[in-house]
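Let us work through this chain in questions and answers. Each reply ends on the value or name asked for.

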Amino acid sequence: MRVDVVTIFPAFFDVLEVSLLGKARGAGLLDVRVHDLRDYATDRHRSVDDTPYGGGAGMVMKPEPWGAALDAIIADAATAPTFIFPSPAGELFSQRTARELSDAEHLVFGCGRYEGIDERVFAYAATLGDVRLMSLGDYVLNGGEVASMAMIEAIGRLIPGVVGNPESLVEESHENGLLEYPSYTKPASWRGQDVPDVLLSGHHRRVAEWRREQQMTRTRTRRPDLLPPSS
């Protein structure tokens, strides 16, 4: 998968060189290219923002640098990409979304700042590929970098070969609509707290039943909104 990121803080994405995603890049499973939006500005100050029409506080990112950046990315793209712009006004990003996007050949993340990106940029991007505005949740961040990083990791780890044991992906929170069950390791007793007996029993059916029960209990207690009304 190819992933392009447009941002005014390219160093933010240096962390992609470490951990599983770094290994995936080294193995050729993930091709990440980070672009500095200021490289596409045309004035000597490398300006990428201006005052909003209609007045109001803050600044808005200008369309010209964005248009030039997107054109440069498209120029050597093999297929029409999916453009993802983090936005509190976007659709909610979920595990289902991550799995859907993990099948894409080319994703482009546009990291907005200030009061956002000129709306015409989204319309222009829609002439080049699919456009999706995505939100991590009902809160506001200073820019799109944190959200893009979270989405890249959530999507990237689902690419075949990135995670060593693919079976571990199946039992994670949200994969089946429920939260993940609690996990334990050695020692069996630690500071007065014991591992549940069922996990020490070696009885696989009982362990599976216990884990399913824990998933339901956790989800009902912590995230009842994930359960259908009948539950």
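A residue counts as buried when its relative accessible area is under 20%, and as exposed when that area is over 50%. The model is predicted.

Q: How many residues of β1 are buried?
A: Both faces of β1 are covered. Arg2, Asp4 and Val6 are buried on one side. Val3, Val5 and Thr7 are buried on the other. The count of buried residues in β1 is 6 of 6.

Q: What is the strand order of the open sheet of 5 strands?
A: The pairing in this sheet is parallel. The edge strands, β2 (31–36) and β7 (130–135), each pair on one side only. The twist from one strand to the next averages 30°. The order is β2-β1-β6-β5-β7.

Q: Which residue of β2 is the bridge partner of Val3?
A: β1 also pairs with β2 in the parallel sense, over 6 bridges. Val3 sits on the face of β1 that also holds Val5 and Thr7. Its bridge partner in β2 is Val32.

Q: At about what angle to β6 does helix α5 run?
A: Helix α5 spans residues 145–156. This helix lies across β1, β5 (82–92), β6 and β7. Its angle to β6 is about 160°.

Q: Is Thr7 buried or exposed?
A: Thr7 lies in strand β1. Beyond four places in sequence, Thr7 touches Phe13, Val34, His35, Asp36, Leu37, Cys111 and Glu145. Its relative accessible area is 1%, so Thr7 is buried.

Q: Why does His106 count as buried?
A: His106 is found in strand β6. The cut-off for buried is under 20% relative accessible area. His106 counts as buried because its relative accessibility is 5%.

Q: What is the length of the polar contact that joins the side chains of His106 and Asp4?
A: The side chains of His106 and Arg2 are joined by a polar contact of 3.4 Å. For His106 and Asp4, the polar contact is 2.6 Å.

Q: How many Å apart in space are Ala72 and His35, C-alpha to C-alpha?
A: Ala72 lies in helix α2, residues 63–75. At 36% relative accessibility, Ala72 counts as partly exposed. Ala72 and His35 are 37 residues apart in sequence. In space, their C-alpha atoms are apart by 9.9 Å.

Q: Where does Tyr114 lie, and what is its phi near?
A: Most residues other than glycine have a negative phi. Tyr114 lies in the loop between β6 and α4 (119–125). Tyr114 is partly exposed, with a relative accessible area of 37%. Its phi is positive, near 60°.

Q: What is the phi of Arg191?
A: Arg191 has its place in the loop between β8 and β9. With a relative accessible area of 73%, Arg191 is exposed. Arg191 is not a glycine, yet its phi is positive, at about 50°.

Q: What is the omega of the peptide bond from Lys186 to Pro187 near?
A: Most peptide bonds are trans. Pro187 lies in the loop between α6 (167–170) and β8 (189–190). The bond from Lys186 to Pro187 is cis, with omega near 5°.

Q: Which residues is Pro196 in contact with, leaving aside neighbours within four places in sequence?
A: Pro196 lies in the loop between β9 (193–194) and α7 (197–200). Pro196 and Tyr184 are 12 residues apart in sequence and 8.8 Å apart in space, C-alpha to C-alpha. The contacts of Pro196 are Tyr184 and Trp210.

Q: How many Å apart are the C-alpha centres of domain 1 and domain 2?
A: Domain 1 covers 2–164, and domain 2 covers 167–226. The C-alpha trace of the chain spans about 70 × 40 × 35 Å along its principal axes. The C-alpha centres of the two domains lie apart by 35 Å.

Notes:
Residues are numbered from 1 along each chain as its sequence is written. This is a predicted model: local features need pLDDT of at least 70, side-chain atom pairs count only at pLDDT 80 or more; totals for chains, interfaces and linings use all residues. Side-chain values use heavy atoms; hydrogens and water are left out. Two strands pair if DSSP finds at least two bridges between them. Helices (H or I, at least four residues) and strands (E, at least two) are DSSP runs, numbered from the N terminus. Axes are lines fitted to C-alpha atoms, for helices over the stretch in contact, and angles run from 0 to 180 degrees between N-to-C directions. Contact means heavy atoms within 4.5 Å. Buried means under 20% relative accessible area, exposed over 50%, partly exposed in between (1.4 Å probe, protein chains only). A polar contact is a pair of N or O atoms within 3.5 Å; within protein, one must be able to donate a hydrogen and the other to accept it, and residues adjacent in sequence count only if both atoms are side-chain atoms. Domain bounds come from an automatic or database domain assignment.
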